[in-house]
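Please read the following points with the model open beside you, and check each one against what you can see. They are written for someone who is new to reading structures.

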Amino acid sequence: MSGKSHPVFRSGMLLGLIALLGTGLLAGVNELTHERILEQEKLRVLQQLNEILPASSYDNDLLEDRIEIENAPSFHHPEPVVVYRARMHGRPVAVLMIVTAPDGYNGDIRLIVGIDASGTVIGVRVVAHRETPGLGDPIETGKSDWILGFTGKSLHNPQAAGWAVKRDGGEFDQFTGATITPRAVVKAVHNALLYFAANRQTLFSANMDREQAG
Amino acid sequence: MKPGQLKQILAEGAWRQNTGLVVLLGLCPLLAVTGTVINGLALGLATMLTLMVSNLSVSLLRGLLKPDIRIPAFVLIIASVVTVIELLMHAFFSDLYRVLGIFIPLIVTNCAIIGRAEAFASRNAPLPSLVDGFATGLGFCLTLVLLGALRELTGHGTLLAGASMLFGESGRGLTLTIIPNHPGFLLAILPPGAFFGLALLIAARNAWQARKPAQTVAPLIVDRHET
């Protein structure tokens with residue numbers, strides 16, 4: 001080593017400099033895009049919710065009026081169920097629940113289930129799934145109208161035995177070559193209805209944050 | 001830089017050393033996202049942009065980078081570039097961002113990018129390096145689009161489905177239904193279809209090359225530096 005700094009030290013400094021530049025760049029871009037990304041995410045959720053419940057049918061801030069139900073055994077899933085509550089002039093209109101069907105063919109199927117104040121399904125949509133393309137994916141609205149068949153159903157229409165696919169003696173169609181996927185969705189929607197019926201009052205009450213419910 | 005050299009770099013990157021069909025690098029995203037033309041095109045463009053920016057940066061820094069730290073430096077540069085692209089895509093093409101998902105950040109691990117940084121950009125001037133990034137990216141992007149078209153056409157009977165994710169609302173009209181009432185061909189959509197499709201494309205390219213006997217077969221890896 002002469003009076004000059006050690007080559008390893010110089011290399012380290014250089015790498016550090018590049019890391020610093022990269023980090024600075026990322027921080028800058030993050031600063032620029034952060035707001036927009038948050039907005040896009042909000043917009044997407046709202047779009048999905050409004051597909052079930054038209055924006056004109058409620059007047060509250062749907063995205064802000066939400067609660068999370070943790071450890072609800074009736075949903076058979078560890079993840080908290082997010083519930084958005086729609087109101088008109090302060091009166092309950094509907095709830096939109098993000099529920100997870102744990103027993104899809106390829107794992108979880110995430111659904112939005114919309115239930116109006118009287119306990120009737122106003123719509124169901126799939127948010128995310130990993131079902132087999134071509135076999136299980138008719139649960140998407142883009143692929144078939146199957147999921148629209150839930151609209152107008154309730155706990156009394158059909159009765160409990162009817163809440164199953166036809167192969168199991170219920171009244172919902174299965175798909176050619178795929179019974180597990182529709183079975184999981186039917187069960188999840190039915191569970192959401194059961195939960196709604198049992199907890200209707202608390203679901204709409206102002207603050208149920210973090211409350212344990214079953 | 002002479003125009004002849006530029007043309008040669010373009011031909012090398014896009015055709016003779018095509019990342020997807022000849023060098024067979026970056027196959028993981030290539031096979032995974034090519035279910036449709038739009039997915040392929042989007043990932044292809046993102047990869048092309050990454051290649052251009054990383055090649056340019058590496059070339060500009062090539063005087064400073066000692067051999068012993070060049071690889072970590074490349075990785076730092078590429079990772080930064082990809083993350084910037086990921087953030088921008090999330091903000092401005094959020095539908096597409098969700099479709100491509102994990103494969104955007106995984107561009108970092110596409111060997112083609114670090115390969116070009118090492119084999120070309122670290123020993124050439126900025127302009128040729130930029131052109132090389134463009135050419136390599138173009139070749140990769142075209143392969144992705146071709147494979148996507150093959151699979152989408154046989155699997156769904158459409159082309160350019162979901163164009164609105166890339167081109168906005170005006171893109172809705174771009175979707176072409178080539179085969180009406182197509183029952184859907186599952187094999188083409190599922191992962192095996194990607195392998196079959198890629199095999200067909202490579203075979204087609206080789207058959208094309210074989211018709212021109214004058215040209216020698218391109219070496220598999222261009223690395224005049226080591227080994």
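1. The contact between the two chains draws on 17 residues from chain A and 20 residues from chain B. On the chain A side, the residues that touch chain B divide by class into nine nonpolar, six polar and two charged. Please keep in mind, here and below, that this is a predicted model.

2. Within chain A, one residue to look up is A:Ile67, which is found in strand S1, residues 66–69. Is A:Ile67 buried or exposed? A:Ile67 counts as buried, because it has 22 C-beta neighbours inside 10 Å, and the cut-off for that label is 20 or more. A:Pro80 lies 13 residues from A:Ile67 in sequence, and their C-alpha atoms are 9.6 Å apart in space.

3. The C-alpha atoms of chain B fill a box of roughly 60 × 50 × 30 Å along the principal axes. A compact globule of 227 residues would have a radius of gyration near 17 Å, and the 18 Å of chain B agrees with this.

4. Buried residues make up 45% of its 227 residues, and, among the contacts in chain B with a separation of 6 or more, 78% are between residues 24 or more positions apart.

5. Helix pairs deserve a careful look, since two packed helices are described by the angle between their axes and the distance between the axes. Helix H1 (residues 3–16) and helix H8 (residues 126–156) of chain B pack at an angle of about 30 degrees, with their axes 7 Å apart, and H1(B) and H8(B) are therefore roughly parallel to each other. H1(B) passes H8(B) in a right-handed crossing, and the residues of this contact divide into nine nonpolar, four polar and two charged. From H1(B) the residues taking part include B:Leu6, B:Ile9, B:Leu10 and B:Trp15, while those of H8(B) include B:Val131, B:Ala135 and B:Leu138.

6. How do the axes of H4(B) and H8(B) run, and within what distance do they come? They come within 8 Å and cross at roughly 165 degrees, which makes H4(B) roughly antiparallel to H8(B). H4(B) also passes H8(B) in a right-handed crossing, and by class this contact has 19 nonpolar, 12 polar and two charged residues.

7. A further helix to examine is H7(B), in which B:Ala112, B:Ile113, B:Gly115, B:Arg116 and B:Ala117 are buried. The buried residues of H7(B) pack against helices H2 (19–23), H4 (37–60), H5 (70–92) and H8 of chain B.

8. B:Ala117 counts as buried because 27 C-beta neighbours lie inside 10 Å. Leaving aside residues up to four places away in sequence, B:Ala117 touches B:Ser54, B:Asn55, B:Val58, B:Phe74 and B:Ser122. By contrast, B:Leu150 is 33 residues from B:Ala117 in sequence, and the two are 31 Å apart in space, C-alpha to C-alpha.

Definitions and conventions: Residues are numbered from 1 along each chain as its sequence is written. Chains are lettered from A and ligands numbered from 1 in the order in which they are written. This is a predicted model: local features need pLDDT of at least 70, side-chain atom pairs count only at pLDDT 80 or more; totals for chains, interfaces and linings use all residues. A residue is buried if 20 or more other C-beta atoms lie within 10 Å of its own, exposed if 12 or fewer, and partly exposed in between; C-beta atoms are placed from the backbone. Two residues are in contact if their C-beta atoms, placed from the backbone, lie within 7 Å. Helices (H or I, at least four residues) and strands (E, at least two) are DSSP runs, numbered from the N terminus. Ala, Val, Leu, Ile, Met, Phe, Trp, Tyr, Cys and Pro count as nonpolar, Asp, Glu, Lys and Arg as charged, and the others, Gly among them, as polar. Axes are lines fitted to C-alpha atoms, for helices over the stretch in contact, and angles run from 0 to 180 degrees between N-to-C directions. Angles under 35 degrees count as roughly parallel, over 145 as roughly antiparallel, 65 to 115 as roughly perpendicular and the rest as oblique. A crossing is left-handed if the near helix is turned anticlockwise from the far one by less than a right angle, and right-handed if clockwise. The radius of gyration is taken over C-alpha atoms; the globule rule is 2.2 Å times the number of residues to the power 0.38.
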